[in-house]
Amino acid sequence: MPGIVVFGRRWGIASDDLVFPGAFELFIRVLWWIGTMILFTYHKGHFDCNGRGVLHSYVVGLLVVLALIILSLCAIVYVSAQGTITNPGPRRSIPALVYLRALLYIPELVWACLGAVWVSDDSRGCDPATVGAVIAAVVASWIILLFTVLGVVFVFDPLGNPRPQAAAMEPLGVRDMESNEGTQFLSTARSLAVKVWESRLRLLCCCLPQDESHRAAFSSIAQLFSGFFSDTDLVPSDIAAGLALLHQEQDKMEQSRDPDLVVDHSPSSPIGENLETELQKAAHCMQFAAAAYGWPMYIYSNLLTGPCKLSRDCCRSRAAEYDIVGGDHLGCHFSSILHSTGLQYRDFIYVSFHNQIYEIPFFVALDHKREAVLVAVRGTLSLKDVLTDLSAECENLPIEGVSGACYAHKGICQAASYIYKKLVNDGILNQAFSIAPEYKLVITGHSLGAGTASLLAILLRNSFPTLQCYSFSPPGGLLSKALADYSKDFVVSVVLGKDLVPRLSIPNMEDLKRRILKIVSNCSKPKYRILLQGCWYELFGGDPDDGPTEMDDRREEELSQPLLGEESLMIRHSSSYQSLASDDSPAHKAAHLPLFLPGRILHVTEDGPSRRSCFSKVRYRADWSNEMAFRSILISPRMLADHMPDAVLRALNSLTSERPFSLCPSSLNNSQHNTI
């Protein structure tokens, strides 16, 4: 940080990002130079074969070119390792060294062509080992040139054009904020940023139909992403270094924390509420939430037996009773649901695997064990689901009888409305309750399915006052405070450990960005050391680094201005900074409205030491928590693994059966009890 400026534009890497790639290439070049020198010394500079003059010139020239490249790489690695992330001054000579290294590609290209010509025309009669060495050198040159081109494409920043020249001595921000030219430039730059993100999304989702609904989703997500990344010049390695520092700081705070007072009953339920009963219900419903993922989750959970069991059912001619299933052309999804839930085909009322943006799969079944009509909604499993997840702006959701602001996550709100119309307008629920009128309605789902299930329960609450919803690992940016409080009477959310998704929202991401900026600003270590120590800590543990943290007050004044490069593109208000002009547009305000987890929150954590051996027994504990405990993102190796539906199901089964599980991948985990 900031992004390096060479060849008249800013790139997606910083001047301190050249240590590791430079050291790797340096290692390769040194071995190459030594091999070439051995070849030259072995023949004592005299090659007895056709084209010996060309070969001699090629080997000598290659030694010289490699020596120059090695010297330039040594200088690049050394200079790139100087300074800190926010102090690029000691690395001011990096652009000149990059220019020098780029010039050396010209003689290397010439010598690669010369070697190729010699091999094809004049290598007859030469020692096979010599010919092989020259061929290897030529191939290595072309491979390095190819990877260099790919690297340039990878770090190319479409928004990296330098800003137009302006009065150099005017204060940063005043020049652009107050002048008409500056205002026009900001508008153009923001529009360009949105277009770039739209193009990236279209490229990523090139296999999806480019219809109106997808274009609208691309535009909405592009505006969100461009707004989030527009006020900083963070490169990916800066974010990685900041996350490594934050993880160690959070571990230090956890180790020094005093014992917490745990809430032993639900905040919104009578003190006599039986936690064991809720856990039993949650473990039962989680089986259906996991089953909704279809055959991929079934195969993943049953690697040895799953393929054999499903192979007997997939592609088999479908019976007439299977007409309730939609969108499952081979029958594999429905077969896996039958195996996972233990239900019979006659217990299913409706099964849909139709999947479009804002339209996600679900099924309705009769759960005779719990005497319930059960609606299970699938979580994220396709690019279309990802687009639904990323449509994270707020949408109004007025509910009768709820006072206060009622709004929710737009993409999930539309997915819930889609299922609501199916259930009500198509008479699916009427059909189910005509078969079992005494049953109650239960809705469940995991991840995206959990958020959709919670909103669906809110929409159906007035029609079905006794319904219950079990939401597993729901997204954090889901409901307004009024709707979250309203849902506490009938929604139970289950969160495992340090799961990222229940803590994921736009305000939390803004807070994470602010914390990254502050902690890297306070850190006095070079980036390569931060990354090396961070990797060692993640893999092998140890004591957290005792360096400056985001809690220190040093250099606080530097965060009053955005950390932008010398060739900045945009200046825009962000909650990460305090001195920039505010953006009072409604869209900007709506994007940062606070959103909360639904219902009562049951937090499942690992009970025992924070670090343990790979094959030690894992025990879990469950405590009631509240939505404010999830207002900050926790950095951990388990932040993604704890979100997986099989991990949630395993933890709930362990709690209800009181049998510990061996969970080798979590040996690096730091457990934390969310308490009040």
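This is a predicted model: local features need pLDDT of at least 70, side-chain atom pairs count only at pLDDT 80 or more; totals for chains, interfaces and linings use all residues.
Okay, let's start with a definition: two strands pair if DSSP finds at least two bridges between them. The strands themselves are DSSP runs of E with at least two residues, while helices are runs of H or I with at least four residues, and both are numbered from the N terminus. Residues are numbered from 1 along each chain as its sequence is written, and side-chain values use heavy atoms, with hydrogens and water left out.

Have a look at E9, residues 440-446. On one hand E9 runs parallel to strand E6, residues 372-377, and six bridges join the two. To get from E9 to E10, the chain goes through helix H17, residues 448-460, in a right-handed β-α-β crossover. Right-handed here means that, with the strands pointing away from you, the path from the first strand over the helix to the second runs clockwise.

How many of the seven residues in E9 are buried? Six of them, and the strand is mostly covered. By buried I mean under 20% relative accessible area; exposed is over 50%, and partly exposed is in between, using a 1.4 Å probe and protein chains only.

Next, the helices. Val194 sits in helix H7, residues 180-204. Val194 counts as buried because its relative accessibility is 16%. Leaving aside neighbours within four places in sequence, Val194 is in contact with Ala222, Gln223 and Ser226, where contact means heavy atoms within 4.5 Å. And what about Leu224? Val194 and Leu224 are 30 residues apart in sequence, with their C-alpha atoms 8.6 Å apart in space.

Then there's Ile34, in helix H1, residues 19-42. Is Ile34 buried or partly exposed? Partly exposed, because its relative accessible area is 40%.

Last topic: salt bridges. Side chains of opposite charge can pair when their charged atoms come close. The cut-off is a side-chain nitrogen of Lys or Arg within 4 Å of a carboxyl oxygen of Asp or Glu. The structure holds 20 of these. One of them joins Arg378 and Asp385 at 2.6 Å, N to O. Both ends are covered: Arg378 counts as buried at 5%, and Asp385 counts as buried at 0%.

Now try Lys481 and Asp485, which meet at 3.6 Å, N to O. Both lie in helix H18, residues 481-486, four residues apart, about one turn of the helix. Lys481 is partly exposed at 35%, and Asp485 is partly exposed at 34%.

Which residues are linked in a network of salt bridges? Asp16, Asp17, Arg91, Asp238 and Lys527. That's me done, thanks!
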